[in-house]
Amino acid sequence: MTRVQLTDPDWEFIEPYLPIGEYGPHPERLRQQFEGVIWRFKTGRQWREMPTEFGAWSTVHNRFRQWRDAGVFEALLEGLITEAAKRGEVDLSLVSIDSTTARAHHDAAGMHLDEDVVIALEKAAAEEEKAKVKGGGLEEQNGQETESDPALEERRRIRRRRKLRLKVALLGRCRGGQTSKVHLAADSKCRPPAFILTTGQAADSPQFIPVLKKVRVRGPVGRPRIRPDAVAGDKAYSSRGNRAHLRGHPGEEGPGRQPEEEGLQRGRPVSHDADLYKERNTVERLIIKLKAWRGIATRYDKTPDSYLAGLHLRASMIWIKDLTRTTR
């Protein structure tokens with residue numbers, strides 16, 4: 001007998017976001033199926049090993065795919081943030097940004113792609129490589145023409161297809177194997193308002209602005225708030241583009257551990273608040289919370305959409321725990 005994953009107050013927040021058809025019978029055991037999805041990401045076990053208390057594993061898996069494709073988990077996270085904003089419990093006085101890698105299990109390999117998609121990706125990659133080559137190859141520069149080796153071309157095609165599959169699956173190769181990287185933001189209360197998933201070898205700095213742009217807090221009235229009071233990040237985010245973006249948004253602090261810059265011709269001068277930077281540990285603590293679920297600490301999902309849905313589910317549960325704690 002497995003333990004219950006949701007309490008009654010938790011389910012009251014979740015149930016309104018689950019899609020129900022206008023016609024036909026009401027889905028049976030909807031709560032148990034949602035708890036089964038939580039169990040899968042919390043334990044990292046295979047779908048086939050799901051306890052019978054949650055129902056047939058195939059039914060729960062199919063329900064998860066339907067919710068994933070319908071954007072239920074992302075909508076749930078946005079709705080919980082909106083509910084917290086209505087109660088005045090969203091704190092954007094400091095938003096900390098960082099990233100963490102998730103090792104990919106061998107079960108995450110082998111994402112299926114249609115042949116038409118693979119051919120289109122190969123064509124785009126070939127055109128991109130051709131655009132990068134200037135002056136032709138060595139044979140063309142030397143005025144020599146060599147016959148192509150069919151075996152060599154086949155090996156190149158297989159290698160190119162393998163790289164394209166990894167790229168589409170958002171899996172990157174590093175020293176420890178295949179990994180994915182989660183770029184995230186954390187508010188002052190150690191809760192996640194935004195995520196971005198990339199390949200494991202992707203740099204942190206280019207994802208600084210995209211993560212900030214995904215921070216949107218909808219209040220009861222007016223436009224959603226998209227600008228925090230201050231932003232904290234380590235040296236990995238200390239680029240001229242990121243600093244220029246922050247100077248264009250008054251009230252935001254630049255990446256920390258950097259001296260003040262002199263001679264700025266325009267915009268707000270870059271400064272570093274040492275006391276405020278000490279609070280950047282919120283994003284580190286948030287990463288620990290996220291990886292408390294084994295299905296998040298290690299990626300077992302073949303498709304990036306499924307893993308990202310698990311991230312949104314874990315983030316939603318973090319927000320729900322805070323909301324239920326304040327209502328008691």
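Let's start with helix H9, residues 240-247, whose buried residues are Asn242, Arg243, His245 and Leu246. Look down the axis of H9 and these buried residues fall within an arc of 155 degrees, so they line one face of the helix. What do the buried residues of H9 pack against? Their partners are helix H8 (208-213) and strand E5 (231-232). Keep in mind that this is a predicted model.

Now for the rings. The count of aromatic pairs comes to nine. Take Trp47 and Phe64: this pair is tilted, with 5.4 Å centre to centre and 35 degrees between the planes. Trp47 sits in the loop between helix H2 (30-43) and helix H3 (57-69), while Phe64 belongs to helix H3, so the pair ties together parts that are 17 residues apart in sequence.

| Residue | Relative accessible area | Class |
|---|---|---|
| Trp47 | 12% | buried |
| Phe64 | 2% | buried |

Trp47 and Phe64 also belong to one aromatic cluster, which is made up of Trp11, Phe34, Phe41, Trp47, Phe64, Trp67 and Phe73. Phe41, another ring of that cluster, has a charged neighbour too: Arg40 lies over the face of Phe41, at 5.0 Å from the ring centre.

Notes: Residues numbered from 1 in each chain as written. Predicted model: local features only at pLDDT ≥ 70, side-chain atom pairs only at ≥ 80, totals over all residues. Heavy atoms only, no water. Buried < 20%, exposed > 50% of the residue type's maximum accessible area, 1.4 Å probe, protein only. Helix = DSSP H or I, 4+ residues; strand = E, 2+ residues; numbered from the N terminus. Arc of directions from axis to C-beta. Contact = heavy atoms within 4.5 Å. Phe/Tyr/Trp six-rings, centres within 6.5 Å; stacked < 30°, edge-to-face > 60°. Lys NZ or Arg CZ within 6 Å of the ring centre and 35° of its normal.
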